[in-house]
Structures are given as structure tokens and as C-alpha cells.
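This report describes selected features of one protein model. The sequence and the structure are shown first, and the description follows.

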Amino acid sequence: MTIQRLLIRLVSFTLLCVLFTQTAFSQTKTISGTITDDKGAPVQGATVTAKGSKIGTSTKADGTFTINVPPNATVLVVSSVGFTAQDVAITGQTTVAVSLVPSQTGLNEVVVIGYGTARKKELSGSYSVISAKDFNSVPSATPDQLLQGRIPGLEVVVSSGQPGSATQVKIRGNNSVRSGTDPLYVVDGIPLDGRSARPSFSVNGLGQTPDANALTWINPADIESISVLKDAAASAIYGSRGANGVIIVTTRTGTSGPTKIDAALSIGTNGLMRQPDVLDPAQYRTELAKYGAKSDSGASYKPFKEILQHDLTQNYSVAMSGGSENAKFRASFLASRTPGLVRKSELDRYIGNINGSFKIFDKRVTLTFGVTTGTTNEEIAPISNNPGSTGSMISNALQWNPTLLLKHGPLQYTTNPNGQINPLVFSDSYNDHAYVTTLLAYASASWKIFDDLEYKLLYGANYGTGNRGAEIQGWITGTGNTSVDGKGTAIQQNDQLFTQSLTHTLTYNHKFNDLAVTALGGYEYYTTHFKWQGMTGYGFDYNTKLSNLVPVHYYDNMQDVTAANLTAFAGNDPAVDLQSYFARVQLNYQDKYSISGSFRADGSNKFGSNNKYGYFPAISARWGISDEEFMKDNRVFTNLALRASWGQSGNQSFPAGAALDRFRYNSNGALGVVNYGNKDLKWETVTTTDVGIDFGFFNGRLTGTIDGFIKKTTNPLYTATYATPAPAGTVFKNLDGYVSNKGFEFSLVGQIIKSGDWSWSVGGNATYVKNKFVYPPAGTAPLVLTGQLNGKGTSATYVQAIANNQPIDVFYLRKFHGYDQNGFAITDGGASYAGDPNPKWTVGLYTNLDYKKWSMVANFHGNYDFFIYNNTLQSVTGLSFINNGSNISKTLLGTKENPANPVSASTRYMSSGNYMKLGNLAFRYRLGDVTSHLKNATISLSGNNLFVISKYPGFDPEVNVVTADANGTGIPSTGIDYVGYPTVRSFTLGINFSLN
């Protein structure tokens with residue numbers, strides 16, 4: 001189905017819903033009024049409903065409203081975000097004027113925490129919460145990208161420009177030496193596995209394409225709020241999965257009132273945020289003359305532009321909601337098309353959601369359900385962060401001689417005399433498509449046994465299935481791979497991921513005079529299962545010549561390969577079962593003193609037989625200083641509170657079956673070892689101590705937080721290899737050392753102008769983290785080398801290390817001291833620790849400016865005090881390649897280097913990665929109510945990745961950092977830039993409106 005046809009059907013569906021939901025009332029009375037804030041300014045978008053009914057409306061831009069209510073209605077309920085809801089008596093009245101009271105700097109706002117909710121004022125752990133009104137204004141593919149630059153302590157890096165690629169998320173630094181540092185995601189109370197069902201593989205030497213984002217099936221427009229649990233006191237309730245923090249996503253549900261339809265559509269275009277730093281034709285000719293190279297082919301050309309595309313992005317969404325106090329519903333649908341900047345890359349998404357809640361038996365029983373299903377159709381370009389010396393589409397476009405045309409006619413590709421593969425050949429001979437369907441469903445039943453005691457049962461299931469096929473057609477040559485050139489190769493794979501959870505909770509809420517008590521007890525069973533199967537083959541008997549191409553993909557016709565060249569494979573991770581008991585008690589005395597304690601016991605079959613259970617306690621406290629009697633007359637602080645917490649949480653992000661002896665039959669029929677068992681294997685434990693201050697000045701016009709934290713990860717997980725003469729194989733074990741993260745974070749939000757037609761607020765946050773790995777048994781030598789390079793002249797070269805008293809993945813290189821008189825590099829004889837690839841500072845800055853119906857939102861984010869290794873410069877655009885007719889980097893102009901200088905790793909290729917990026921900028925104009933049914937219309941123009949301020953010469957210091965496990969240890973590298981997918985700058989025009 002084309003997206004245009006889909007849009008027609010959506011519009012038809014919307015109009016049908018509007019006609020269906022119109023209701024005539026034979027007897028009504030009309031109430032009109034005005035809603036203002038405490039300063040007398042009109043409040044737009046406030047909700048006004050007749051209490052006890054589903055009749056409601058919203059205020060206009062001038063704060064006015066008109067509503068028809070039943071003749072027996074006596075009370076209107078007025079509510080708006082940031083204000084305390086009010087009941088307004090209307091008996092005997094036809095007009096009302098209401099002045100809303102701001103909620104106390106948001107402290108009375110109810111937020112979602114683990115297995116429950118709490119007022120902000122009661123939170124004693126380290127939490128950050130943003131709601132839908134705070135989200136970045138530019139359409140975002142996934143929920144994690146909505147958080148970029150908005151949460152202190154949170155580092156969000158969009159590591160590839162490929163649409164739908166994985167996002168790197170870290171909370172307060174690196175906790176582990178291995179992979180698996182992403183936080184736990186919980187959606188509507190259902191914990192996710194964290195993996196995607198999209199198959200991940202490499203195709204015959206092209207390298208690993210970027211992993212898929214596991215959250216692409218969530219529609220950002222469906223999100224109500226996101227809570228980030230940062231310290232162990234907040235996340236310990238999730239036990240052995242909470243060490244890296246927890247991100248809780250809560251989606252929108254139906255509200256009381258008449259049926260309402262919200263719709264939005266947008267269209268956009270994209271471009272390259274930063275141009276590659278290679279020479280233009282004139283500069284290239286000058287350098288050819290300088291070095292006596294003879295590679296001028298006569299043209300003047302920009303080869304990199306030829307691999308780009310500039311198709312339009314499209315997003316269409318519609319949501320319908322409504323109901324009464326006893327029955328509410330919401331349904332939504334999203335269709336989007338996001339072409340990539342590079343040829344033959346695209347992400348199409350179709351996401352549907354429906355949820356509802358029903359109160360029965362005199363409102364003592366509440367039944368809820370929700371179903372979200374998402375389908376993605378992804379086209380993937382031949383771009384990876386770790387291709388070999390043959391390179392990939394990006395590296396070949398960067399290297400291509402700018403005086404040599406790429407094509408001289410249809411299907412007439414230029415052959416480079418130096419043997420380099422034409423990037424258009426890479427693109428046109430390679431096809432890669434992935435189709436993924438994901439389903440998240442939940443159902444719950446809550447029973448108020450007594451007014452203060454409630455039991456809840458929640459069942460959730462998350463199922464994903466993915467199919468992916470990739471091919472390199474046989475007409476390609478020059479790859480150096482005998483199973484590809486002239487033969488063609490293909491791979492086809494299917495993955496399945498199935499996760500289930502069953503949670504029982506019993507919650508007690510009671511207030512004893514000045515003491516409020518909330519107690520929670522629960523049991524949870526969680527299981528997840530992942531399996532895959534596929535086949536790979538080479539030697540197809542068609543599409544081996546350009547003169548005779550047929551539109552049949554190899555991966556759809558694997559039977560064309562002879563049995564000798566066809567290999568089938570399959571895998572089945574052992575099911576992971578987790579059985580947990582947990583409890584939490586929260587005490588609040590006079591709204592001044594809060595204390596919370598939690599405990600969780602996790603039993604998992606991932607752990608060794610001697611460590612079946614892990615235990616995770618936490619305690620925290622909060623003192624509301626500004627609520628004390630001695631602070632009542634102060635004119636400075638609106639809010640002042642002191643928090644302190646201590647707790648332990650765990651990390652079990654290691655492969656299923658890691659504690660067991662595991663074997664697998666290889667393709668030759670021999671029995672191979674996957675890993676040996678370890679009965680003593682257990683989870684990593686992160687112990688966190690946090691002290692924080694929350695403050696507000698000038699009647700809430702200036703608010704902020706300051707936190708200092710210390711995290712210590714003990715029993716870090718590591719993959720070791722048995723030394724000879726023991727049988728070859730790996731074993732997972734816990735190291736005797738630990739990982740330390742110490743730092744602080746702060747945030748500040750100021751309402752600079754709030755007067756008349758003007759409103760201007762500015763917010764910012766910054767986090768400092770110092771990371772260190774301590775492993776005394778390792779002595780002065782590194783425990784293991786990491787950061788394997790790829791490309792020409794870099795075989796088996798490692799530039800990073802895990803070492804005692806050093807940051808995780810510290811650069812371990814020979815120091816560069818310039819060039820000798822002959823232009824050859826001068827370096828130390830041995831490697832030493834050279835710099836930290838992990839940013840010490842993560843910052844965010846955002847501002848909102850409103851004038852009458854106009855508004856502007858800008859969001860900046862950046863990282864500081866870290867290094868990047870420019871492997872692109874070393875292995876793709878280095879000076880030594882100019883003599884064979886390849887292009888080189890502009891940064892090499894004027895250097896004393898000799899083109900004969902060999903490719904060799906050193907600090908010569910290290911650069912500061914400091915950057916500040918304007919992530920997005922949006923302008924909005926509120927049309928308001930266009931007709932009696934078309935309401936709250938808004939037009940927006942937004943830009944994404946507009947510019948970056950950085951001295952780093954690559955595409956982007958935020959993108960293109962290698963995270964692949966290059967040496968089989970499970971330890972990802974960080975901060976190595978090697979020809980990844982470039983950053984996309986986009987512009988989007990959109991409109992959204994409501995129908996009721």
C-alpha cells in the first residue's frame with residue numbers, strides 16, 4: 001500500500017469517526033467563561049468538563065470557552081498542565097471566571113516510578129521526568145532520541161545517520177567493561193528485552209552494518225511521559241537489571257470527555273550536515289603537481305554527492321480518544337516514510353495502538369488493556385563502521401579521484417585504474433531489506449480490597465519477528481573476495497524474540513494524621529527467548545553480467561546455489577527465566593520528611609548454580625527544608641530540599657547460557673565450543689551513593705537540582721580464554737577488580753520573562769563523570785587490548801585497552817612527535833596510555849520563547865573533554881594514498897609528511913572530540929480554533945542537526961564511533977571514527993489539529 005493511498009484511507013476514517021461521534025442533546029444549558037493563570041494571563045488549552053460526564057471542551061487562545069452541559073450538571077472541572085485542578089460550582093450560573101493556581105513548582109505532580117507512582121515532593125531518589133510538552137519539537141524516530149540534551153546525567157548519542165539505527169544511551173558513565181551498558185526500558189509497566197528482532201550480520205567482508213534501534217515500534221506521539229531512574233535508590237526495585245539505570249515510558253490513555261480526534265501530518269527534506277573534508281578538484285590537482293603524481297583524468301567532480309539522495313520524508317498520524325469516568329479508550333495510528341541521505345537507505349513505519357480502561361463493581365475493580373503493533377520496512381545501504389581494506393560505499397566515495405567521473409552512461413561505470421571499487425557499483429550491486437513486526441500487549445486487573453489496599457495483576461507480552469535478506473550481485477568485481485566477484489553472494493536470516501512478564505503487586509496507602517505511608521509488595525516472573533535461522537550462499541547463475549540483469553534478488557532464490565556453496569545455520573539462545581520478590585516502603589511526615597526503603601531478590605537461570613539469587617537493597621531520604629517553620633517568612637526560596645540515597649542494583653547483560661557448558665555443531669559437522677560453564681558466575685553489582693539538592697527561587701521562576709554521586713561496579717563480567725594446554729574455548733567470569741564512576745550533575749531552568757504576551761524560559765544541564773577501571777592483579781600491563789582498527793595497513797591493530805587505574809577503553813598508542821627531515825613520522829618505541837574516549841562532560845541547553853500565537857523552541861547538546869581516533873584519516877584519506885590516484889583529507893595540506901610515510905597507528909590520529917550541536921530548532925504558529933469542529937490547529941517549521949561547533953574534521957564527532965566487538969571479548973570500542981553513515985540535516989513542515 002502506498003503512503004498516499006494510506007493517507008486517503010486515514011482521512012476517510014477520520015471523517016467517518018467525526019460523523020459517528022456527533023451527539024445531539026435535547027436538553028442542555030450553556031456555560032461560558034474565561035480561564036486565567038494567577039497573573040491574569042489567559043490559559044489556552046485548559047480542559048473544562050462537566051463533572052461526572054464525558055462532556056468537555058478546551059479553552060481558546062484568549063482563555064475563553066463555551067460548553068453545553070446537561071441541566072442537572074452542578075460542577076465543572078478545570079485542569080491544565082502545571083496548575084492545580086479546580087472544581088467550579090455552576091448552579092444558577094451561566095458564566096464563570098476561574099483563576100488557576102500553579103502547582104507548587106511541579107512538586108505535587110504525580111510521576112511514574114518503579115511499580116507505582118509518587119508525587120515529585122515525595123521522591124528521595126534521583127529521578128528525572130519529562131512530559132510530552134517538554135519533548136523536542138522535531139519528529140523523532142524513537143523515544144530515546146526525545147531525551148537528548150534534556151536530562152542531566154544522561155548521554156544520548158545517535159551513532160549513525162542510517163534511519164532507524166541504534167542509539168547509544170548511558171546514565172552516569174560506563175558501569176561495565178563489557179557491552180550491555182544500555183538502561184532497562186519499561187513500557188507501560190512491561191520490561192523489555194532490549195534487543196531488536198531485526199537480524200544483524202555482515203556480508204562477505206563488507207563489515208557489520210549498524211544495529212537497529214529496538215524502540216522503532218513505539219510512536220513518539222503516543223508517549224505521555226518518560227521517567228529516568230538514575231541512582232540505585234530509584235532503580236534497585238528492578239534488581240539485577242537496574243545497574244545501568246531505568247527508563248520508564250508511559251503512553252497516552254483515554255480521558256473523560258467527548259470523543260476527540262487528534263491528527264498531524266508533516267513533510268520534510270534532508271541534506272548533509274557537514275561536508276567531507278577531502279580535496280576539491282582544484283586542490284587535488286595542486287597536490288598532484290606537488291608530489292609528482294599523474295592521476296588527473298580531466299574532469300572536475302564531487303564524487304561524494306553522487307551517492308546522496310534527497311527524497312521527501314512523510315509522517316501521518318491520527319489518534320481518537322474519549323470516554324467517561326468509568327470507561328475510557330484511545331486508539332492511534334502512524335504511517336511514516338524516512339528516506340536516508342545515502343542512496344538505497346530508508347525506513348518506513350506503520351504503528352497502531354489501542355488501549356482502554358474500565359471501572360466496574362462500584363469502581364472498586366479496574367480493568368485495563370493495551371496493544372501496540374509496529375511494522376518496519378527498512379532498506380539498508382552498504383555502510384558499516386568496520387569494513388576491511390576493500391572499504392564500503394562511504395570510504396570509496398571519499399577516496400574517489402575528483403577528476404574522474406563515476407559513470408559515463410547508463411550502466412557504464414568507470415573503472416578506476418588503481419583498482420578501487422566504484423562507490424556506485426557498491427550501491428547498485430548491493431541490496432539489503434529488513435522487515436520487522438513487533439507486538440506489545442498487556443492486560444491488568446486492579447482490585448481495591450479496601451480504600452487503602454489495592455491488588456494488581458499485570459501480564460505483558462512482547463513479540464518480535466524479523467526477516468532480512470542481503471545480496472551482492474555477481475557482476476561486481478574488484479572486491480578481492482573470490483566468493484563474490486563474478487559469482488554473487490547472498491544471506492537470508494529470520495529472527496524471533498518473545499518476552500513475557502507476570503507481575504503481582506499489593507499496595508497499601510494510608511495517612512495517619514501527619515504521616516503518610518505507602519507500602520508495596522510484589523512478585524514477578526519474567527522470561528525471554530531469542531532464536532534465529534538462515535542460510536548463506538554464493539555462485540548464482542544470473543545477474544553476473546550488466547548486459548543481462550533480471551529483477552530477482554538472490555536472497556529470494558537461494559535454491560539457485562549448488563549445495564556445495566550453500567550453508568544453513570540456526571541458533572537458539574537458552575530461555576532466560578527471572579523470578580523476583582520485591583518490596584518498598586515510603587514514609588512522608590508533614591510533607592517535610594520523606595524516607596524510602598526497597599529490597600528485591602532476583603533468581604535467574606543466567607547465574608551460576610552457586611549464585612542463583614541476588615539481593616538488592618536501597619534506602620533514601622528527603623528533607624523539605626523550605627517547609628520548615630523557620631523558612632516560612634523567607635522571600636528567597638520557593639523550594640529547598642536535601643536528598644540522600646544509597647543502594648545496590650545489578651547487571652546481568654551477558655549471554656544466556658554463559659554459566660553453562662555450551663556446544664554447537666559447525667558447518668563441517670565438527671562439534672565446537674560456544675563457551676565453558678562457570679558455576680560461580682554472578683551478576684555485576686553497582687553500589688551507588690547520591691546526595692542531592694532541589695531548589696527554587698523567586699516564586700518558582702528559577703528552579704534546579706544538584707547531585708553528587710559515586711558508583712562502584714564490583715564483580716565486573718569478563719570473557720576469558722583458557723590458556724594452553726587446556727582445550728580452546730572461552731569462559732565467562734567475574735573479575736576481582738571494579739569500575740568506578742564519580743561525578744556530579746546539575747540542572748537549571750529559569751522563567752526569564754512571563755508578562756503579558758511574552759514568555760521566555762531557558763534551561764540547561766551539565767554532568768561530569770570520571771570513569772576508572774581498577775584491577776590490581778593486572779599490574780602495569782593492560783588486561784586486554786580493545787579498539788581493533790579496520791582498513792588498509794591496520795590488520796590486527798588495537799589502539800585501546802582495559803587497564804588498571806585507567807578509563808574504560810583508554811587509548812593505548814605510541815606517541816607522535818612530528819616528522820623527521822625526510823617526512824617520516826617520529827613516534828615512541830612502545831605504546832602508552834594516551835587519552836580518554838569517554839566524555840567527561842555532557843551538556844544540554846534549551847530555550848522556549850512565546851509571543852502571542854508564536855513560539856520558538858531550540859535544543860542544544862554536546863560532549864566535552866574526550867578524544868576520537870580518526871581511523872578514516874589513517875586508512876582512507878591519508879597522504880600515502882595520493883600516489884595511487886586516491887583523494888586525501890584537506891587537513892593534510894601544508895604538512896611536512898612524506899607520501900611514503902607508512903600507515904601506522906599513533907597519537908597522530910587522535911583529535912579532541914569536543915562539540916556543541918544545535919540538535920533542533922522549531923517555530924510554531926497557533927491558529928487556534930478554525931471552525932466549531934476543527935480546533936487547536938498549529939503550523940510548525942523545524943530543523944534537525946542544523947550545525948555543530950567542533951574542531952573535529954570528520955562528518956560529526958557525535959556519529960561514526962565504532963562500537964562493534966572486534967576481538968570476540970564482548971568489549972566494545974568507543975570513539976573510533978571509521979567511515980560511518982554521515983549525519984543528516986533535515987527540515988520539516990507540519991500541521992496538527994483536533995476534531996471534536
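Which residue in E3 is the bridge partner of Thr 49? The bridge partner of Thr 49 is Gly 56. The model is predicted, so local features need pLDDT of at least 70 and side-chain atom pairs count only at pLDDT 80 or more, whereas totals for chains, interfaces and linings use all residues. Residues are numbered from 1 along each chain as its sequence is written, and side-chain values use heavy atoms, with hydrogens and water left out.

Strands here are DSSP runs (E, at least two residues), numbered from the N terminus. Strand E2 (residues 47–50) and E3 pair in the antiparallel sense over 3 bridges; pairing requires that DSSP finds at least two bridges between two strands.

**Aromatic pairs**

A pair of aromatic rings is described by the distance of the centres and the angle of the planes. Rings of Phe, Tyr and Trp (its six-membered ring) pair if their centres lie within 6.5 Å; planes under 30 degrees apart count as stacked, over 60 as edge-to-face and the rest as tilted. The whole structure holds 30 aromatic pairs, including the two tabulated here.

| Pair | Centre to centre | Angle between planes | Class |
|---|---|---|---|
| Phe 607 and Trp 683 | 4.6 Å | 50° | tilted |
| Tyr 768 and Trp 841 | 5.2 Å | 55° | tilted |

Phe 607 lies in the loop between strand E28 (593–604) and strand E29 (613–624), and Trp 683 in the loop between strand E32 (671–675) and E33; the two residues are 76 residues apart. Both Phe 607 and Trp 683 are buried (under 20% relative accessible area; exposed means over 50%, partly exposed in between, with a 1.4 Å probe and protein chains only).

Tyr 768 belongs to strand E38 (residues 758–774) and Trp 841 to strand E45 (residues 841–851), so this pair ties together parts 73 residues apart in sequence. Trp 841 has a relative accessible area of 29% and is therefore partly exposed. Elsewhere, ring pairs link Phe 637, Phe 695, Phe 697 and Phe 698 into a cluster.

**Phe 746**

Phe 746 is found in strand E37. At 36% relative accessibility, this residue counts as partly exposed.

Methods. Helices (H or I, at least four residues) and strands (E, at least two) are DSSP runs, numbered from the N terminus.
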